[in-house]
Amino acid sequence: MILIFLGPPGSGKGTQASKLHETAGIPQLSTGDMLRAAISQSTAVGLQAKSFIDRGQLVPDEVVVKLIEERIELEDCSSGFILDGFPRTVSQADSLEGLLSAKNKKISKVVVFEIDDELLVNRLSGRRTCESCGAMYHIRERKSAVESVCDRCGGKLVQRTDDNEATIKKRLQIYHSQTSPLIEYYSKLGIVNKIEASRSVSSVFSDLNNILKSLET
Ligand code: AMP
């Protein structure tokens, strides 16, 4: 099963992908997480990506396509994966088609997380992320048991450098201009399902599972 999670930053794609990974064992491929890992390890990709991420801009297509190309070759992706945050441009989507068709594989479903921009600014500016495992929290709506400490792994909770109001607005603008055209792109293939993403994590997860059940029948 190959799934694409599409939606603006803060719409809950990462949270839902991580829950699906935990419950169904499907690998979660987040280009954002891969790029942040590359930055913290100071690799060549990380050094190249950092200034784009900090400014809220997209990292060049060829950089992220290469990351995905290498990742889907790994054994754990042989029976499927969730793409969380990729593709983000039509050119990335075209490259993905090429990578998959070379392996005789197809996208099973594109899940679009729909939510108003106003909610996202609040969600993202209050978001805290575990610097060790990537788990996400919110300073009001999803607190950790102990302040600044991850419930899952005990890591330190930090605010992402791009989760500040000015950068969030830039990221939303880029989502609308460069990424949202992908909804039309995949709708033409008849593989899009939309989810109202402003609701609770558990309600969204329940909708997601219903969509996935329809794939099994
Ligand atoms: P995310 O964690 O998905 O919100 O991504 C954080 C940042 O990483 C984005 O604002 C971009 O700068 C970069 N990024 C992540 N995925 C991609 C992608 N598919 N294409 C280009 N840039 C990306």
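Leaving aside its neighbours within four places in sequence, which residues is K170 in contact with? They are R55, G56 and Q57, where contact means heavy atoms within 4.5 Å. The views below come from a predicted model, in which local features need pLDDT of at least 70, side-chain atom pairs count only at pLDDT 80 or more, and totals for chains, interfaces and linings use all residues. Residues are numbered from 1 along each chain as its sequence is written, and side-chain values use heavy atoms, with hydrogens and water left out.

**View 1. K170 in helix α7.** K170 belongs to helix α7, which covers residues 165-179. Helices (H or I, at least four residues) and strands (E, at least two) are DSSP runs, numbered from the N terminus. With a relative accessible area of 29%, K170 is partly exposed. On this scale, buried means under 20% relative accessible area, exposed means over 50%, and partly exposed lies in between (1.4 Å probe, protein chains only). G98 is 72 residues from K170 along the chain, and the C-alpha atoms of the two are separated by 30 Å.

View 2. The ligand has 16 residues around it, of which T31, R36, Q57, R88 and Q92 come nearest; a residue is near a molecule or strand if one of its heavy atoms lies within 4 Å of it. An N or O atom in the side chain of R36 is 2.9 Å from an oxygen atom of the ligand. A polar backbone atom of Q57 lies 2.6 Å from an oxygen atom of the ligand. In the side chain of R88, an N or O atom is 2.9 Å from a nitrogen atom of the ligand. The protein buries 96% of the 480 Å² that the ligand exposes when taken alone; accessible areas come from the Shrake-Rupley method with a 1.4 Å probe, and for residues only the protein chains shown count as cover. Helix α2 gives the most to the shell, with 4 residues.

**View 3. The side chain of H138.** H138 lies in strand β6, residues 136-138, and counts as buried at 7% relative accessibility. A polar atom of its side chain lies 3.2 Å from the backbone oxygen of N122. The backbone nitrogen of E141 is also 3.2 Å from a polar atom of the H138 side chain. Not counting residues up to four places away in sequence, H138 touches N122, R123, G126, R127 and K143.

**View 4. Strand β4 and its partners.** In β4, 5 of its 6 residues are buried. Strand β1 (residues 2-6) pairs with β4 in the parallel sense over 4 bridges; two strands pair if DSSP finds at least two bridges between them. F5 has V111 of β4 as its bridge partner. Strand β8 (residues 192-196) and β4 also pair in the parallel sense, over 5 bridges, and here V111 has N193 of β8 as its bridge partner.

View 5. A cis peptide bond joins F86 and P87, with omega about -5°. P87 is in the loop between β3 (81-84) and α5 (90-102). S42, in the loop between α2 (31-40) and α3 (44-54), has a positive phi of about 50° although it is not a glycine. N104, found in the loop between α5 and β4 (109-114), is a residue other than glycine with a positive phi near 60°. N104 is exposed, with a relative accessible area of 76%.

Methods:
Polar contact = N/O pair within 3.5 Å; in protein donor to acceptor, adjacent residues only side chain to side chain.
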